[in-house]
Structures are given as C-alpha cells and as structure tokens.
Amino acid sequence: MKIFPAIDLIDNKCVRLSKGKDETSIVFNENPVDQAKYFEQQGSERLHIVDLDAAFGRVGINTKSVEKIRKAINIPIQIGGGIKNQEDAKRFFTLGVDYLIIGSFSVQNVEQVFLLSEEYKDKIYISLD
C-alpha cells in the first residue's frame with residue numbers, strides 16, 4: 001500500500017471541504033508551497049494535489065501554485081480535479097506534473113482518455129469515486 005499526502009487547492013490556498021461542498025472550505029495553510037515542502041521533508045514519496053477550483057469549473061486559478069510547487073520539491077506530483085479534456089491534461093504535464101488522476105472525463109470521453117494514456121504511458125490514473 002502506498003499513502004500520499006494531499007493538498008486541496010482553492011484560490012491558491014490549502015483547504016479542506018466538508019462533504020465536498022465548495023462553500024464549506026476551511027483554509028489550513030495559505031502557502032501551498034510550504035505545505036508541499038513540509039510533506040517532502042517528512043519523507044513523502046509523492047504528492048497528491050486536487051485543484052478544487054477547476055473541479056468546480058474555475059479553471060486556471062491554481063496554475064501558478066502548481067507550477068511553484070513543482071519547482072520547489074523533487075518528489076513526483078500527481079494532480080486531479082477539473083481535467084475535462086486533452087488540453088487540460090497537457091497543460092498540467094507542461095507544468096511538470098508527473099501523473100494525472102482523471103475522473104468524469106474518463107467516463108464521458110473514453111476514446112480521448114485512451115489516446116492520452118497512449119501518449120503519456122504510465123502517467124494516467126482513473127479515479128471512479
């Protein structure tokens with residue numbers, strides 16, 4: 001079993017939601033880069049990031065934070081949340097994200113996700129939650 005710590009992002013801040021509801025976000029760290037560094041320093045082998053803004057349809061808000069996290073840590077990063085098309089996926093790979101966690105896009109666009117998985121071998125994970 002592998003356990004990866006997660007950073008959930010809203011408005012470039014680390015948050016937690018109650019029952020997945022957008023309006024319930026509580027900020028627990030205003031600096032996601034510091035949080036990512038902390039997880040790496042504690043021995044984490046990979047970091048999981050959830051772009052909650054993108055998941056709720058607000059694409060691009062956390063792009064700079066993801067980019068800064070990538071530059072600040074050496075462990076692999078996987079990200080999920082709001083990946084709705086191939087362009088979204090490629091944007092994250094361009095930022096240096098190592099793995100994508102794809103949810104509804106994988107069910108709604110099976111062919112496109114298959115093509116992505118061919119292009120990015122062993123870098124696409126499907127989440128059916």
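This is a predicted model: local features need pLDDT of at least 70, side-chain atom pairs count only at pLDDT 80 or more; totals for chains, interfaces and linings use all residues.
Good morning. A residue counts as buried under 20% relative accessible area, as exposed over 50%, and as partly exposed in between. By that rule Tyr38, at 43% relative accessibility, is partly exposed.

Tyr38 and Ile73 are separated by 35 residues in sequence, and their C-alpha atoms lie 9.6 Å apart in space. Leu47 and Arg58 give another pair of this kind: 11 residues apart in sequence, with 22 Å from C-alpha to C-alpha. Leu47 belongs to strand E4. With a relative accessible area of 0%, Leu47 is buried, because the limit for that class is under 20%.

The largest pocket has a volume of about 340 Å³. Which residues are the closest to its centre? Of the 17 residues in the lining, they are Gly81, Ile102, Gly103, Ser127 and Asp129. Sorted by class, the lining holds eight nonpolar, seven polar and two charged residues.

On the surface, there is a nonpolar patch to point out. Val107, Ile126 and Leu128 form this patch, and together they have about 320 Å² of accessible area. Ile126 is placed in strand E7, residues 124–126. The relative accessible area of Ile126 is 44%, so this residue is partly exposed.

The next topic is charge pairing. Side chains of opposite charge can pair when their charged atoms come close. How many salt bridges does the model have? The count comes to 10 salt bridges, with a side-chain nitrogen of Lys or Arg within 4 Å of a carboxyl oxygen of Asp or Glu as the criterion. I shall describe three of them in turn.

In one of these salt bridges, the side chains of Asp22 and Arg58 meet at 2.8 Å, N to O. This pair links distant parts of the chain, with Asp22 in strand E3 and Arg58 in the loop between H2 and helix H3 (63–72), 36 residues apart. Asp22 is partly exposed at 23% relative accessibility, and Arg58 is partly exposed as well, with a relative accessible area of 29%. The pair also takes part in a network of salt bridges that links Asp22, Asp53 and Arg58.

Another salt bridge joins Asp98 and Arg70, whose closest N and O atoms are 2.6 Å apart. Here too distant parts of the chain are linked: Asp98 lies in the loop between helix H4 (86–94) and E6, Arg70 lies in helix H3, and the two are 28 residues apart. Is Arg70 buried or exposed? Arg70 has 15% relative accessibility and therefore counts as buried.

In the salt bridge between Lys90 and Glu119, the closest N and O atoms are 3.5 Å apart. Lys90 is in helix H4 and Glu119 in helix H6, so this pair ties together parts that are 29 residues apart in sequence. Lys90 has a relative accessible area of 34% and is partly exposed. Glu119 is also partly exposed, at 46% relative accessibility.

I close with the backbone. Most residues other than glycine have a negative phi. Which loop holds Lys19, a residue with a positive phi? Lys19 is found in the loop between strand E2 (13–18) and strand E3 (21–29). Its phi is about 55°, although Lys19 is not a glycine. The relative accessible area of Lys19 is 78%, which means that this residue is exposed.

Asp122 is a further residue other than glycine with a positive phi, near 60°. Asp122 lies in the loop between helix H6 (110–119) and E7. Thank you for your attention.

Notes:
Residues are numbered from 1 along each chain as its sequence is written. Side-chain values use heavy atoms; hydrogens and water are left out. On a 1 Å grid over the protein atoms alone, a cavity is a set of points where a 1.4 Å probe fits but cannot get out, and a pocket is an open set with protein on both sides within 12 Å along at least five of seven lines; lining residues have an atom within 4 Å of a point. Grid points are joined across faces, edges and corners, and a volume is the space filled by probe spheres set on the points. Ala, Val, Leu, Ile, Met, Phe, Trp, Tyr, Cys and Pro count as nonpolar, Asp, Glu, Lys and Arg as charged, and the others, Gly among them, as polar. Patches are made of residues with over 30% relative accessible area and no salt bridge: like charges are joined within 9 Å, nonpolar side chains (Val, Leu, Ile, Met, Phe, Trp, Tyr) within 5 Å. Accessible areas come from the Shrake-Rupley method with a 1.4 Å probe; for residues, only the protein chains shown count as cover. Helices (H or I, at least four residues) and strands (E, at least two) are DSSP runs, numbered from the N terminus. Buried means under 20% relative accessible area, exposed over 50%, partly exposed in between (1.4 Å probe, protein chains only).
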